[in-house]
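Have the model open while you read.

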Amino acid sequence: MASKLEYIWLDGYKPTQSLRSKTKIEHNFSGKLEDCPLWNFDGSSTEQAPGGSSDCVLKPVFICKDPQRKKAYLVMCEVLNPDGTPHDSNGRAHIEDDDNDFWFGFEQEYFLWNPETNKPLGFPDNGYPVPQGPYYCSVGAKNAYGRRIVEEHLDVCLEAGLNVEGINAEVAAGQWEFQIFAKGAKEAGDQIWVARYLLERIGEEYNVAINWHCKPLGTLDWNGSGMHANFSNTLLRTAASQETYTKVLEAFRPVVKEHIEVYGADNHMRLTGKHETASINDYSYGVSDRGASIRIPLFTVQKGWSGYLEDRRPNSAADPYKVAARIIKTVKSVL
Ligand code: ADP
Ligand code: MN
Ligand code: MN
Ligand code: MN
Ligand code: MN
(Lines give C-alpha, C1' and ligand atoms only; values in the text may rest on other atoms or scores of the structure.)
(Ligands and ions follow the chains in the order given, each with its own letter.)
Protein backbone atom coordinates (compact mmCIF):
# COMPACT_ATOMS: atom_id res chain seq x y z
CA MET A 1 0.00 0.00 0.00
CA ALA A 2 1.30 3.42 -0.93
CA SER A 3 1.66 6.26 1.59
CA LYS A 4 2.24 9.91 0.80
CA LEU A 5 4.98 11.52 2.84
CA GLU A 6 5.19 15.28 2.55
CA TYR A 7 8.80 16.25 3.32
CA ILE A 8 8.83 19.83 4.63
CA TRP A 9 11.91 22.02 5.10
CA LEU A 10 13.00 25.64 5.44
CA ASP A 11 14.70 27.29 2.50
CA GLY A 12 17.79 29.49 2.58
CA TYR A 13 16.18 32.88 1.99
CA LYS A 14 17.42 35.74 4.15
CA PRO A 15 16.45 37.28 6.43
CA THR A 16 13.26 35.19 6.54
CA GLN A 17 13.15 31.53 5.60
CA SER A 18 10.09 30.07 3.91
CA LEU A 19 8.52 26.64 3.87
CA ARG A 20 9.16 24.22 0.99
CA SER A 21 7.89 20.70 0.56
CA LYS A 22 7.61 17.80 -1.84
CA THR A 23 5.90 14.43 -1.80
CA LYS A 24 7.60 11.07 -1.46
CA ILE A 25 5.66 7.84 -2.04
CA GLU A 26 6.64 4.99 0.26
CA HIS A 27 5.26 1.48 0.10
CA ASN A 28 4.32 -0.44 3.26
CA PHE A 29 5.35 2.52 5.38
CA SER A 30 5.16 1.98 9.15
CA GLY A 31 4.22 5.55 10.04
CA LYS A 32 7.32 5.85 12.22
CA LEU A 33 9.94 8.57 12.02
CA GLU A 34 12.80 6.05 12.03
CA ASP A 35 11.40 4.51 8.83
CA CYS A 36 11.48 7.81 6.93
CA PRO A 37 14.47 7.65 4.62
CA LEU A 38 16.85 10.52 4.02
CA TRP A 39 16.00 12.34 0.80
CA ASN A 40 17.43 15.18 -1.22
CA PHE A 41 16.43 18.28 -3.16
CA ASP A 42 17.84 20.90 -5.49
CA GLY A 43 19.42 23.44 -3.17
CA SER A 44 20.23 25.74 -6.07
CA SER A 45 16.50 26.53 -6.31
CA THR A 46 16.17 27.45 -2.64
CA GLU A 47 19.29 29.59 -2.02
CA GLN A 48 20.94 26.67 -0.26
CA ALA A 49 23.54 25.48 -2.77
CA PRO A 50 25.33 26.51 -5.97
CA GLY A 51 24.04 25.04 -9.24
CA GLY A 52 27.21 23.05 -9.87
CA SER A 53 26.83 21.17 -6.59
CA SER A 54 23.16 21.44 -5.89
CA ASP A 55 22.17 18.44 -3.79
CA CYS A 56 21.09 19.10 -0.21
CA VAL A 57 19.95 16.36 2.14
CA LEU A 58 16.60 16.16 3.96
CA LYS A 59 16.78 14.52 7.36
CA PRO A 60 13.35 13.70 8.84
CA VAL A 61 13.02 14.87 12.44
CA PHE A 62 9.27 15.06 13.19
CA ILE A 63 6.29 13.21 11.81
CA CYS A 64 2.53 13.51 12.16
CA LYS A 65 -0.58 12.51 10.26
CA ASP A 66 -1.56 14.60 7.26
CA PRO A 67 -5.33 14.88 7.74
CA GLN A 68 -5.90 16.53 4.38
CA ARG A 69 -4.69 13.65 2.24
CA LYS A 70 -5.42 9.95 2.14
CA LYS A 71 -2.79 7.67 3.73
CA ALA A 72 -0.50 10.57 4.28
CA TYR A 73 2.03 12.06 6.70
CA LEU A 74 3.75 15.38 7.23
CA VAL A 75 7.48 14.97 7.77
CA MET A 76 9.39 17.98 9.08
CA CYS A 77 13.04 17.82 8.00
CA GLU A 78 16.38 19.39 8.78
CA VAL A 79 18.58 20.38 5.86
CA LEU A 80 22.06 18.84 5.78
CA ASN A 81 25.05 19.36 3.54
CA PRO A 82 26.05 16.40 1.35
CA ASP A 83 28.66 15.41 3.96
CA GLY A 84 25.96 15.09 6.62
CA THR A 85 26.80 18.23 8.56
CA PRO A 86 23.98 20.71 9.29
CA HIS A 87 23.42 23.30 6.60
CA ASP A 88 23.93 26.94 7.67
CA SER A 89 20.21 27.53 7.25
CA ASN A 90 19.37 24.72 9.67
CA GLY A 91 18.33 26.59 12.83
CA ARG A 92 17.05 23.43 14.49
CA ALA A 93 20.41 21.69 14.39
CA HIS A 94 22.01 24.79 15.87
CA ILE A 95 19.94 24.61 19.08
CA GLU A 96 22.71 24.29 21.64
CA ASP A 97 20.74 22.99 24.60
CA ASP A 98 17.33 21.49 23.89
CA ASP A 99 16.21 21.22 27.49
CA ASN A 100 12.73 19.66 27.72
CA ASP A 101 12.30 21.19 31.15
CA PHE A 102 11.56 24.36 29.19
CA TRP A 103 7.93 24.70 28.17
CA PHE A 104 6.87 27.10 25.43
CA GLY A 105 3.52 28.54 24.47
CA PHE A 106 3.83 30.47 21.22
CA GLU A 107 1.06 32.84 20.17
CA GLN A 108 1.31 32.93 16.40
CA GLU A 109 -0.34 35.98 14.85
CA TYR A 110 -0.81 36.42 11.10
CA PHE A 111 -2.89 38.21 8.51
CA LEU A 112 -5.19 36.53 6.01
CA TRP A 113 -4.27 38.36 2.85
CA ASN A 114 -5.98 38.89 -0.49
CA PRO A 115 -3.27 38.24 -3.11
CA GLU A 116 -5.17 40.20 -5.78
CA THR A 117 -5.74 43.45 -3.89
CA ASN A 118 -2.61 42.93 -1.76
CA LYS A 119 -4.59 43.84 1.35
CA PRO A 120 -5.90 41.97 4.40
CA LEU A 121 -9.25 40.23 4.17
CA GLY A 122 -11.89 42.76 5.21
CA PHE A 123 -10.12 45.71 3.59
CA PRO A 124 -12.16 47.29 0.78
CA ASP A 125 -10.48 47.75 -2.62
CA ASN A 126 -10.34 51.49 -1.95
CA GLY A 127 -9.72 53.06 1.43
CA TYR A 128 -9.89 51.35 4.76
CA PRO A 129 -12.35 49.59 7.02
CA VAL A 130 -13.34 51.30 10.29
CA PRO A 131 -10.37 51.76 12.66
CA GLN A 132 -9.21 49.11 15.13
CA GLY A 133 -11.52 48.37 18.02
CA PRO A 134 -14.28 46.02 16.94
CA TYR A 135 -12.15 43.24 15.40
CA TYR A 136 -10.43 41.59 18.39
CA CYS A 137 -12.29 38.39 19.33
CA SER A 138 -15.17 39.56 17.17
CA VAL A 139 -18.07 37.59 15.76
CA GLY A 140 -20.19 38.50 12.76
CA ALA A 141 -19.57 39.24 9.11
CA LYS A 142 -19.14 42.95 9.80
CA ASN A 143 -15.90 42.43 11.75
CA ALA A 144 -14.62 38.86 11.46
CA TYR A 145 -13.08 37.91 8.13
CA GLY A 146 -11.96 34.44 7.04
CA ARG A 147 -13.26 32.31 9.88
CA ARG A 148 -13.77 29.29 7.61
CA ILE A 149 -10.05 29.17 6.96
CA VAL A 150 -9.23 29.58 10.63
CA GLU A 151 -11.66 26.86 11.69
CA GLU A 152 -10.44 24.45 9.05
CA HIS A 153 -6.88 25.08 10.20
CA LEU A 154 -7.78 24.40 13.83
CA ASP A 155 -9.47 21.09 12.94
CA VAL A 156 -6.62 19.96 10.74
CA CYS A 157 -3.99 20.84 13.38
CA LEU A 158 -5.86 18.90 16.05
CA GLU A 159 -6.31 15.91 13.74
CA ALA A 160 -2.61 15.97 12.98
CA GLY A 161 -1.94 15.80 16.71
CA LEU A 162 -0.48 19.27 17.11
CA ASN A 163 -0.85 20.83 20.53
CA VAL A 164 -2.98 23.84 19.61
CA GLU A 165 -4.38 25.48 22.71
CA GLY A 166 -6.65 28.08 21.17
CA ILE A 167 -7.42 30.57 18.43
CA ASN A 168 -8.77 34.12 18.35
CA ALA A 169 -9.50 36.96 15.99
CA GLU A 170 -6.90 39.70 16.52
CA VAL A 171 -6.89 43.48 16.82
CA ALA A 172 -6.54 44.34 13.13
CA ALA A 173 -9.09 43.42 10.45
CA GLY A 174 -8.19 40.09 8.85
CA GLN A 175 -5.68 39.30 11.62
CA TRP A 176 -5.86 36.06 13.63
CA GLU A 177 -3.86 34.05 16.16
CA PHE A 178 -3.33 30.46 17.16
CA GLN A 179 -1.46 29.23 20.23
CA ILE A 180 0.67 26.10 20.43
CA PHE A 181 2.21 24.65 23.58
CA ALA A 182 5.15 22.23 23.58
CA LYS A 183 8.09 21.11 25.70
CA GLY A 184 11.61 21.76 24.44
CA ALA A 185 12.86 24.08 21.71
CA LYS A 186 12.86 21.48 18.93
CA GLU A 187 9.38 20.18 19.64
CA ALA A 188 7.95 23.70 19.96
CA GLY A 189 9.59 24.75 16.70
CA ASP A 190 8.50 21.62 14.83
CA GLN A 191 4.89 22.13 15.87
CA ILE A 192 4.79 25.81 14.94
CA TRP A 193 6.38 25.17 11.54
CA VAL A 194 4.00 22.33 10.71
CA ALA A 195 1.03 24.46 11.81
CA ARG A 196 2.28 27.28 9.58
CA TYR A 197 2.58 24.82 6.73
CA LEU A 198 -0.99 23.61 7.16
CA LEU A 199 -2.29 27.18 7.26
CA GLU A 200 -0.47 28.03 4.02
CA ARG A 201 -1.93 24.99 2.32
CA ILE A 202 -5.48 25.66 3.50
CA GLY A 203 -5.14 29.24 2.27
CA GLU A 204 -4.55 27.86 -1.23
CA GLU A 205 -8.05 26.37 -1.25
CA TYR A 206 -9.53 29.82 -0.70
CA ASN A 207 -7.03 31.78 -2.76
CA VAL A 208 -6.01 33.55 0.43
CA ALA A 209 -2.34 34.12 1.22
CA ILE A 210 -0.88 34.07 4.72
CA ASN A 211 1.05 37.22 5.49
CA TRP A 212 3.64 36.50 8.20
CA HIS A 213 5.30 39.91 8.03
CA CYS A 214 5.38 41.64 11.41
CA LYS A 215 4.05 44.96 10.11
CA PRO A 216 2.34 44.38 6.77
CA LEU A 217 0.45 47.69 6.98
CA GLY A 218 3.63 49.66 7.64
CA THR A 219 3.27 52.86 9.59
CA LEU A 220 -0.52 52.99 9.32
CA ASP A 221 -2.45 52.83 12.59
CA TRP A 222 -2.90 49.06 12.55
CA ASN A 223 -1.33 46.48 14.87
CA GLY A 224 1.57 44.40 13.69
CA SER A 225 1.88 40.64 14.20
CA GLY A 226 3.86 39.02 16.96
CA MET A 227 4.71 35.56 18.13
CA HIS A 228 4.71 36.11 21.89
CA ALA A 229 6.85 33.46 23.54
CA ASN A 230 5.45 32.27 26.85
CA PHE A 231 8.05 30.20 28.66
CA SER A 232 8.81 28.46 31.93
CA ASN A 233 11.17 25.95 33.45
CA THR A 234 11.03 24.22 36.81
CA LEU A 235 12.71 27.23 38.41
CA LEU A 236 10.01 29.63 37.19
CA ARG A 237 7.16 27.21 37.72
CA THR A 238 8.07 26.59 41.38
CA ALA A 239 9.96 29.75 42.36
CA ALA A 240 7.52 31.15 44.93
CA SER A 241 9.83 34.15 44.93
CA GLN A 242 9.69 37.57 43.33
CA GLU A 243 13.43 37.76 43.77
CA THR A 244 13.98 34.72 41.55
CA TYR A 245 11.78 36.26 38.88
CA THR A 246 13.71 39.53 39.07
CA LYS A 247 16.97 37.64 38.69
CA VAL A 248 15.75 35.84 35.57
CA LEU A 249 14.25 39.02 34.10
CA GLU A 250 17.48 40.96 34.70
CA ALA A 251 19.43 38.24 32.86
CA PHE A 252 17.66 39.36 29.68
CA ARG A 253 18.83 42.99 30.03
CA PRO A 254 22.47 42.68 28.84
CA VAL A 255 21.52 40.45 25.88
CA VAL A 256 18.78 42.54 24.24
CA LYS A 257 20.75 42.63 21.00
CA GLU A 258 21.24 38.85 20.91
CA HIS A 259 17.53 38.30 21.43
CA ILE A 260 16.39 40.88 18.89
CA GLU A 261 18.73 39.26 16.36
CA VAL A 262 16.61 36.10 16.34
CA TYR A 263 13.20 37.67 17.04
CA GLY A 264 12.34 38.19 13.37
CA ALA A 265 13.11 40.56 10.50
CA ASP A 266 11.90 44.18 10.40
CA ASN A 267 11.01 44.13 14.08
CA HIS A 268 11.92 47.84 14.36
CA MET A 269 8.76 48.49 12.34
CA ARG A 270 6.68 46.69 14.95
CA LEU A 271 8.43 47.36 18.27
CA THR A 272 7.69 51.08 18.32
CA GLY A 273 6.27 51.50 21.82
CA LYS A 274 2.78 51.73 20.34
CA HIS A 275 0.21 49.06 19.53
CA GLU A 276 0.90 47.00 22.67
CA THR A 277 4.67 46.83 22.16
CA ALA A 278 7.82 48.14 23.83
CA SER A 279 10.40 50.08 21.84
CA ILE A 280 13.04 47.90 20.20
CA ASN A 281 15.72 49.97 21.94
CA ASP A 282 14.37 49.47 25.46
CA TYR A 283 14.16 46.58 27.82
CA SER A 284 11.38 46.53 30.38
CA TYR A 285 9.19 44.15 32.31
CA GLY A 286 6.07 44.49 34.37
CA VAL A 287 3.11 42.69 35.84
CA SER A 288 0.22 42.56 33.35
CA ASP A 289 2.05 45.15 31.23
CA ARG A 290 1.38 44.68 27.50
CA GLY A 291 3.62 47.61 26.72
CA ALA A 292 6.64 45.87 28.26
CA SER A 293 9.29 43.73 26.56
CA ILE A 294 8.46 40.90 28.94
CA ARG A 295 5.11 40.66 30.65
CA ILE A 296 4.72 38.93 33.99
CA PRO A 297 1.24 37.42 33.79
CA LEU A 298 -0.98 38.42 36.72
CA PHE A 299 -1.63 34.72 37.21
CA THR A 300 2.06 34.12 37.96
CA VAL A 301 1.96 36.77 40.70
CA GLN A 302 -1.34 35.56 42.13
CA LYS A 303 0.12 32.10 42.47
CA GLY A 304 2.81 33.65 44.69
CA TRP A 305 5.42 34.19 41.96
CA SER A 306 5.29 30.73 40.42
CA GLY A 307 4.34 30.26 36.79
CA TYR A 308 5.73 31.59 33.52
CA LEU A 309 6.81 34.71 31.64
CA GLU A 310 5.77 36.18 28.29
CA ASP A 311 8.46 37.64 26.02
CA ARG A 312 6.38 39.87 23.76
CA ARG A 313 9.17 40.81 21.38
CA PRO A 314 9.42 37.84 18.97
CA ASN A 315 7.52 38.64 15.78
CA SER A 316 5.21 36.62 13.59
CA ALA A 317 7.94 35.74 11.09
CA ALA A 318 10.55 34.70 13.65
CA ASP A 319 11.97 31.18 13.63
CA PRO A 320 10.60 29.45 16.75
CA TYR A 321 13.66 27.17 16.92
CA LYS A 322 15.93 30.18 17.32
CA VAL A 323 13.61 32.07 19.66
CA ALA A 324 13.25 29.11 22.01
CA ALA A 325 16.96 28.29 21.93
CA ARG A 326 17.90 31.85 22.84
CA ILE A 327 15.43 31.99 25.75
CA ILE A 328 16.80 28.72 27.16
CA LYS A 329 20.32 30.09 26.95
CA THR A 330 19.50 33.32 28.77
CA VAL A 331 17.42 31.75 31.52
CA LYS A 332 20.09 29.10 32.10
CA SER A 333 22.72 31.79 32.54
CA VAL A 334 21.28 32.44 36.02
CA LEU A 335 20.99 28.80 37.12
P1 ADP B 1 -2.42 36.36 25.91
O2 ADP B 1 -3.20 36.78 27.11
O3 ADP B 1 -1.04 36.93 25.92
O4 ADP B 1 -3.15 36.59 24.63
P5 ADP B 1 -2.73 33.48 25.30
O6 ADP B 1 -3.84 32.86 26.08
O7 ADP B 1 -2.98 33.77 23.87
O8 ADP B 1 -2.24 34.78 26.13
O9 ADP B 1 -1.45 32.56 25.36
C10 ADP B 1 -0.91 32.13 26.55
C11 ADP B 1 0.08 31.01 26.26
O12 ADP B 1 0.81 30.72 27.46
C13 ADP B 1 -0.56 29.71 25.83
O14 ADP B 1 -0.02 29.35 24.58
C15 ADP B 1 -0.12 28.72 26.89
O16 ADP B 1 0.24 27.48 26.34
C17 ADP B 1 1.12 29.37 27.45
N18 ADP B 1 1.44 28.92 28.82
C19 ADP B 1 0.60 28.77 29.86
N20 ADP B 1 1.28 28.29 30.94
C21 ADP B 1 2.57 28.14 30.54
C22 ADP B 1 3.76 27.69 31.21
N23 ADP B 1 3.77 27.30 32.48
N24 ADP B 1 4.90 27.65 30.47
C25 ADP B 1 4.92 28.05 29.21
N26 ADP B 1 3.84 28.50 28.54
C27 ADP B 1 2.68 28.54 29.19
MN1 MN C 1 13.08 16.20 -10.74
MN1 MN D 1 -2.89 35.59 22.75
MN1 MN E 1 -2.31 38.22 20.21
MN1 MN F 1 0.34 37.36 24.41
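The protein chain splits into domain 1 (2-90) and domain 2 (103-332), with bounds that come from an automatic or database domain assignment. This is a predicted model, where local features need pLDDT of at least 70, side-chain atom pairs count only at pLDDT 80 or more, and totals for chains, interfaces and linings use all residues. Residues are numbered from 1 along each chain as its sequence is written, and chains are lettered from A and ligands numbered from 1 in the order in which they are written.

| Item | Value |
|---|---|
| Distance between C-alpha centres of domain 1 and domain 2 | 26 Å |
| Residues of domain 1 in contact with domain 2 | 15 residues |
| Residues of domain 2 in contact with domain 1 | 15 residues |

Contact here is C-beta atoms, placed from the backbone, within 7 Å. On the side of domain 1 that touches domain 2, strand 2 (19-27), strand 4 (55-65) and strand 5 (72-80) each give two or more residues. Strands are DSSP runs of E, at least two residues, and helices are runs of H or I, at least four, numbered from the N terminus. Strand 4 supplies the largest share of that side, four residues.

Now for the core. The largest nonpolar core has 86 residues, and Val75, Val194, Ala195 and Ala324 have the most contacts inside it. Such a core is a set of buried Ala, Val, Leu, Ile, Met, Phe, Trp, Tyr and Cys residues joined through C-beta atoms within 7 Å; buried means 20 or more other C-beta atoms within 10 Å of a residue's own, with C-beta atoms placed from the backbone. Helix 2 (residues 185-205) gives the most to this core, nine residues. Both domain 1 (2-90) and domain 2 (103-332) put in at least three residues each.

Note on methods:
Buried ≥ 20, exposed ≤ 12 C-beta atoms within 10 Å, placed from the backbone. Contact = placed C-beta atoms within 7 Å.
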